[in-house]
Amino acid sequence: MTEKERKNRYIFSFVLLALLLGLFGVLNLCMGSVRLSAQDVANALFYCADTPAGDILFRIRMPRLLSAMILGGALSVSGFLLQTFFHNPIAGPFVLGISSGAKLMVAIFMILSLRLGNALNSWTMIAAAFLGAMLAMAFVLAVASYSGRISVLIICGVLTGYFCSALTELFITFADDSDIVNLHGWSQGSFSGINGSNVRVFSIVILFSVSAVFLIAKPMEAFQLGEAYAVSSGVNVKRLRICLILLSGLLSATVAAFAGPVSFVGIAVPQLMRNLFKTEKPIIMIPASFMAGGVFCLFSDLISRVVFAPTELSISVVTSIFGTPVVIWMMLKKQKEVKAWD
Amino acid sequence: MDDVKKAKRGEGLGLKAIEVRKLCSGYGQRRILSDISFSIKRGERVALIGPNGTGKSTLLKTIAGMIPDHTGEISVSGKDVRSLTDNERAKLISLMLSKVPSGEWMTVREIVENGRYPYTGKFGILSDKDRDAVEYSLKTADVKDIAEKFFKTLSDGQKQRVMFARAVCQEPELMLLDEPTSFLDIKYKTEFMGLIEGLAKTKGTAMLMSLHELYLAEYADRILCIKDGRLFTEGSPEDILKKDIIMKLYDLKEGEQTDRFLKGVLRGRGAAGEI
């Protein structure tokens, strides 16, 4: 592809993503157990919010829409960072057990603080999730560096995920507080029950993290050619690795703190974007993954709310159904990887 | 080698591209290289030969900055590599490996542009000067007509030329090549040696390349032999590619098989007569 063709492709793809984002945004505001017409929505948004429709819109659907969009975006950027780190497109926060580690730690902190009689605030939840994510990551990394094989890394990550999820369920079962009932939905993954102040807090954290990701786009691109080439072109690889781990951990931990574990978004979305944009360039892939993660989660959340309404599916049910085929297709397509001088 | 060539290469010389003194290196407690000293002049091509696992790659890695805890001195263009930042080092030394990266959706041009890393700003935006360097490298490595193709669609020979273009694009004083021709067939091997010679002559880039294939060491100006982590001997191809040295270097046993092999490798040069 010539430079011009590439540029056109980027523009076309970004416009497509923006349109999809708009489309699913409107659908998410309108559809649900109470159906609102586009006119109701417009009325409430632009004229008068003091109607039942406005109430539903601003107290329930808006925060939920923003959660799906922003957290979904964060999750796929986190996946892209991990894929860069491991030089493997199958890596992601969910399969590596990082999301589940974060979930476990949040559950422990929540139960403890409820015992002590006060609820956790958003910042403490993120901190707890980050701690859990880092512990899970440290364990998986240790195993990976001991074995050096990517298949062992993935299996170990999946097992870590199961282990942490099992522990979480165990804690929730034995926690007797009535508030714990809320934990059940969250521990399966859900965008419900996130309020406006939560949204403000995680928006700040994610804005900060994604900006930081843009700052390491250049060394990431050099690192995609492998460690030896990266070092030889002047990348401080040790520092880059630490940045990748901290940022991907912070992003996926923030998602896990509010929405629980959301599966396969981190793998499927960046892969689809590579094929749509036909590039690996981080400076394109970062915004593309973020937008597409938002689209995918809006779409999945819509399905989870609408298809069996009023019963709600957990978000992972939907993301798994649409995400796993993508991952399987990837694995079949993936050629034998060539490792250079590691 | 005739005197004209020698004189040409001697232009603007005197300056050593790299000087290595008493270098010891290894991984953690495991010491691989001991007491290595040598130097390479500008525009000189030096081949590194020796048995597997004796430290050829370790030597290249150490010079490339991948093994920070070594003792001894390495200076490139008169500057001690320890005193250089990562970027400064990258402007002096570039690297090429035998295995190529997988780069699923990378175009040839993007990979070559990667060589401008130490020259661009925070976001990697290319200046006109950077673009000129990219064009020059694409031309030098003869990959200009495939510049917009995806890397994964190329043949092995083309891929290696692209990685060479990337190394050229870094505008180094010294290029390190780790068995650059191992996966190429004879046609590409000889073509590749031609590319290296061209760059050494036009740009005065010094080359240090480890080689598996002894017959390719013929293309070098000088040969360093590494054995058991030490510098075994060094000299011109005429001096080194001889039966007794090769036999000692690789621990070959006297016998018919060895003779046959050496005849194959050394055929066509004066040394063959000595077998």
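**Confidence, a helix and a core**

Let me begin with the part of this predicted model that calls for caution: across residues 1-13 of chain B the pLDDT stays under 50, and for that stretch the model has six contacts beyond four places in sequence. There is a further stretch of this kind, residues 270-275 of chain B, where the pLDDT is again below 50 and where the model shows 14 contacts beyond near neighbours in sequence. For chain B as a whole, however, the mean pLDDT is 85, with 92% of the residues reaching 70 or more, and for the complex the predictor gives an ipTM of 0.87 together with a pTM of 0.89.

Among the buried residues of H4(A) are A:Ile98, A:Leu104, A:Met105, A:Val106, A:Met110 and A:Ile111, and after the helix comes A:Gly117, which has a positive phi, near 95°.

A:Val106 also brings us to the largest nonpolar core, which has 167 residues, and in which A:Leu71, A:Val106, A:Ala129, B:Leu48, B:Leu176 and B:Leu208 touch the most other members. The element that gives the most to this core is helix H3 of chain A, residues 52-86, with 14 residues.

Notes: Residues are numbered from 1 along each chain as its sequence is written. Chains are lettered from A and ligands numbered from 1 in the order in which they are written. This is a predicted model: local features need pLDDT of at least 70, side-chain atom pairs count only at pLDDT 80 or more; totals for chains, interfaces and linings use all residues. pLDDT is the predictor's confidence in each residue, from 0 to 100. Two residues are in contact if their C-beta atoms, placed from the backbone, lie within 7 Å. A residue is buried if 20 or more other C-beta atoms lie within 10 Å of its own, exposed if 12 or fewer, and partly exposed in between; C-beta atoms are placed from the backbone. Helices (H or I, at least four residues) and strands (E, at least two) are DSSP runs, numbered from the N terminus. A nonpolar core is a set of buried Ala, Val, Leu, Ile, Met, Phe, Trp, Tyr and Cys residues joined through C-beta atoms within 7 Å.
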